[in-house]
Amino acid sequence: MLVGIVFLAILLADNRFTRWVTRHILCSGMMKGNVKAHRSLVASGDSLVNNAVQEKKRRSAKSHEAILRATVGLLGSSGYVDFSIEKVAQQAGVGKQTIYRWWPTRADLVLEVWRDRLLPPMPLYDGKTPLPTYLGNSLLAFGQQISRTDCRQAAICILAEAHRDPKLYQRMADAVYLPRIILIKQAFEEAQAAGQFAKNVNIDVTIDALYGAVWYKVLIRFETVNRAYIDALVQQYLK
């Protein structure tokens, strides 16, 4: 009976209260034993609790990964219109409440996937690579990635929802837009200081023109970008 209660306490929770309950049950149930035996049993109880905690963390990590993978898969196969938390939960093999515990809305889930799984990383400018080469490589990687169905649908989801939710827009800007723009602007400023192009060039307008062209080609014209297009685009604005 005592052993059953101990294991029940371990399985029900993984917090400090469970640890205290486990110690209490073990100690109070063995009052007639010696202190050394008590300590040994308490240590065993702690070990069991710690193992249960670690197992729960492993299960949580596994569920988290399954949810992200399911989100990417559904965006690629069904798109934003048919995307739902219910479908993600079913495909990931988890309950909806598990998803809502980590992401309050479907847009928050898609935003994390878009940022961490779908958009290409933005490399730092090394100050040695010619700016047109740096921009060309970055623009090509970005354009080819958002041309993928899953990435494009994630963008559509976030942009659509952000129009109705200013707070989501700010989260999108902080997570996706601003970090990239800051790096690109820093690259422009370094190259401009090194004399690679005229100092009277408006950096903000140039960035808008370069990235705006890629967004327009992919999201409005439903076309893909290639190296020839990117090279012509960069040459047009960085003569």
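At the start of α9, which backbone nitrogen does a side-chain oxygen of D165 reach? A side-chain oxygen of D165 comes to within 3.0 Å of the backbone nitrogen of K167.

This report describes a predicted model, in which local features need pLDDT of at least 70 and side-chain atom pairs count only at pLDDT 80 or more, while totals for chains, interfaces and linings use all residues. Residues are numbered from 1 along each chain as its sequence is written, and side-chain values use heavy atoms, with hydrogens and water left out.

**The chain as a whole**

The chain holds 11 helices and zero strands; helices (H or I, at least four residues) and strands (E, at least two) are DSSP runs, numbered from the N terminus. Of its 239 residues, 41% count as buried, a term that means under 20% relative accessible area with a 1.4 Å probe, protein chains only. Among contacts (heavy atoms within 4.5 Å) between residues at least 6 apart in sequence, 63% join residues at least 24 apart.

|---|---|---|---|
| α4 | 85-92 | G93 | positive, near 75 degrees |
| α9 | 166-193 | G195 | positive, near 80 degrees |

In α4, the residues I85, V88, A89 and A92 are buried. Seen down the axis of α4, these residues fall within an arc of 100 degrees, so they line one face of the helix; the arc is taken from the directions from the helix axis to the C-beta atoms. An α-helix has 3.6 residues a turn, so residues three or four places apart point the same way.

Helix α9 has a kink of about 50 degrees centred on A173. The bend at a residue is the angle between axes fitted to the seven residues ending there and the seven starting there. A173 is also one of the buried residues of α9, which include L168, M172, V176 and R180. The buried residues of α9 pack against α6 (106-118), α7 (131-146), α8 (149-162) and α10 (203-220).

**Helices α8 and α10**

The axes of α8 and α10 lie 11 Å apart, and the helices pack at an angle of about 100 degrees. That makes α8 roughly perpendicular to α10, a description that covers angles of 65 to 115 degrees. On the α8 side the contact is made by R152, A155, I156 and L159, and on the α10 side by W215, V218 and L219.

Helix α10 also contains K217, which is buried, with a relative accessible area of 11%. Leaving aside neighbours within four places in sequence, K217 is in contact with F222, E223, T224, V225 and Y229.

Technical notes: Buried means under 20% relative accessible area, exposed over 50%, partly exposed in between (1.4 Å probe, protein chains only). A polar contact is a pair of N or O atoms within 3.5 Å; within protein, one must be able to donate a hydrogen and the other to accept it, and residues adjacent in sequence count only if both atoms are side-chain atoms. Axes are lines fitted to C-alpha atoms, for helices over the stretch in contact, and angles run from 0 to 180 degrees between N-to-C directions. Angles under 35 degrees count as roughly parallel, over 145 as roughly antiparallel, 65 to 115 as roughly perpendicular and the rest as oblique.
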